[in-house]
Amino acid sequence: MNQAFDVVILGAGAAGLMCAIEAGRRGKRVAVVERAERAGKKILISGGGRCNFTNLHCTPENFLSSNPHFCKSALARYGPADFLALVEKYKIPYHEKTLGQLFCDRSAQDILHLLEEECRLAGVRIFVNTRVKQVRHNAGFEIDAGNVMFSAPALVVATGGLSIPKIGATAFGYELAEQFGLAIRQCRPGLVPLVFDSENQQRYCDLAGVSAEVVTSCGAQRFPEMMLFTHRGLSGPAILQISSYWKWKTDDPVVIDLAPEQAWTSALRAPRARRDLQAARSALRKVLPVRLADRWIEQQTPRDWSNRSLDAREAGIHRWEVNPAGTEGYQKAEVTAGGVDTGELSSKTMESRKLHGLFFIGEVVDVTGHLGGFNFQWAWASGVCAGQAIADTPPIVVRSD
Ligand SMILES: Cc1cc2nc3c(=O)[nH]c(=O)nc-3n(C[C@H](O)[C@H](O)[C@H](O)COP(=O)(O)OP(=O)(O)OC[C@H]3O[C@@H](n4cnc5c(N)ncnc54)[C@H](O)[C@@H]3O)c2cc1C
């Protein structure tokens with residue numbers, strides 16, 4: 001069976017569905033091809049099931065990319081207020097959790113329903129359970145999905161990243177980029193828990209479940225948020241955020257300020273204050289969770305109680321240098337950092353500079369957001385830009401004479 005469309009979009013995730021809506025609304029015949037049994041599976045598990053669908057304070061500084069300027073145009077064209085207008089049109093109840101992060105009150109299903117309904121209204125056809133075997137390009141694109149052959153003058157690759165393979169992540173988007181000669185920036189798991197080396201595992205892993213408000217940093221980047229000990233290392237928002245920067249441009253360790261803006265040794269320095277292990281433990285318990293305080297002092301008992309030694313202990317708690325053995329990998333990563341090199345794409349339309357009609361949007365592109373709704377905002381914005389560009393392009397007439 002051969003099906004002809006104006007555009008075929010590979011991947012019915014956040015970016016693909018948004019692109020489909022924009023192109024469909026403008027009268028294009030749109031097919032979305034999805035290998036999973038339903039659209040938007042990642043949307044459904046996002047934000048703990050409540051989908052952190054955007055962030056009110058979205059700026060280009062919230063994104064990592066080899067070209068930090070690339071995301072500016074799309075984010076300026078389609079911002080958080082635009083998606084929010086859509087959410088309000090559907091009367092989806094939502095709330096701001098913290099730091100501008102907007103979540104559904106009920107469930108992520110509300111966002112998926114919105115997207116599917118908009119697709120329906122725009123006449124978009126979604127083909128689920130459809131696995132693409134091969135893509136060829138002659139005058140237009142031919143997409144071979146076994147039983148069905150799709151053809152279209154425009155192809156949008158919205159197949160996402162490598163994270164969470166068990167819900168359908170594939171490397172297909174990167175393979176297609178390579179097939180058409182586009183460069184890829186090395187992929188790595190982002191927004192991912194870190195794993196301790198064996199020494200730190202022995203020291204700290206029985207603290208699993210203990211959390212603290214910290215500041216993490218790596219190079220010039222810093223994040224004041226919550227950190228959590230796990231059975232294998234560290235997690236929590238402060239760690240997920242900094243994980244995207246670890247081993248990116250530098251080999252810097254992850255540095256953790258365990259008691260930001262607090263001077264735990266000042267109690268020991270007061271006139272006539274006791275300076276011994278017990279006094280140190282109780283001073284530390286005032287700035288750290290009890291179990292962490294006790295473990296820290298056990299591990300780092302000062303040799304003496306001189307001011308110099310206290311200075312070193314004070315500094316130590318504000319600059320805990322962790323050299324992780326690795327990350328929890330794509331199984332646990334919220335995103336894939338790296339991807340299709342932005343130098344290969346137009347920042348206004350997401351179209352390949354090498355091949356007219358070929359577009360890459362969403363997570364498959366080397367643009368990765370911080371934690372907090374930024375990755376969906378990138379998916380919406382890049383999807384809208386490509387959808388509008390496709391709709392604005394006059395149809396390619398393939399002449400038979
Ligand atoms: C657990 C978790 C929670 C998250 N929570 C949030 C959050 O609250 N807020 C936020 O902003 N971001 C969140 N993210 C990140 C966000 O989900 C992604 O950045 C976003 O979904 C990327 O959209 P996308 O459309 O590019 O890719 P995806 O949403 O991954 O969609 C890609 C689609 O392509 C399909 N596909 C793959 N290969 C093929 C193929 N060969 N043929 C056809 N179809 C294919 C996949 O099945 C999938 O449906 C979360 C991620 C995870 C893993």
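I take a polar contact as a pair of N or O atoms within 3.5 Å; within protein, one must be able to donate a hydrogen and the other to accept it, and residues adjacent in sequence count only if both atoms are side-chain atoms. The model is predicted, so I note that local features need pLDDT of at least 70 and side-chain atom pairs pLDDT 80 or more, while totals for chains, interfaces and linings use all residues. Residues are numbered from 1 along each chain as its sequence is written, and side-chain values use heavy atoms, with hydrogens and water left out.

A backbone N or O atom of A14 lies 3.1 Å from a ligand oxygen atom. For T170, an N or O atom of the side chain is 2.7 Å from a nitrogen atom of the ligand. A polar backbone atom of F376 is 2.8 Å from an oxygen atom of the ligand.

**Aromatic rings.** I searched the whole structure for aromatic pairs (ring centres of Phe, Tyr or the six-membered ring of Trp within 6.5 Å; planes under 30 degrees apart stacked, over 60 edge-to-face, the rest tilted) and found 20. F53 and F83 have ring centres 5.9 Å apart and planes at 50 degrees, so I recorded the pair as tilted. I traced a cluster in which ring pairs link F53, F83, Y94, F376 and W380.
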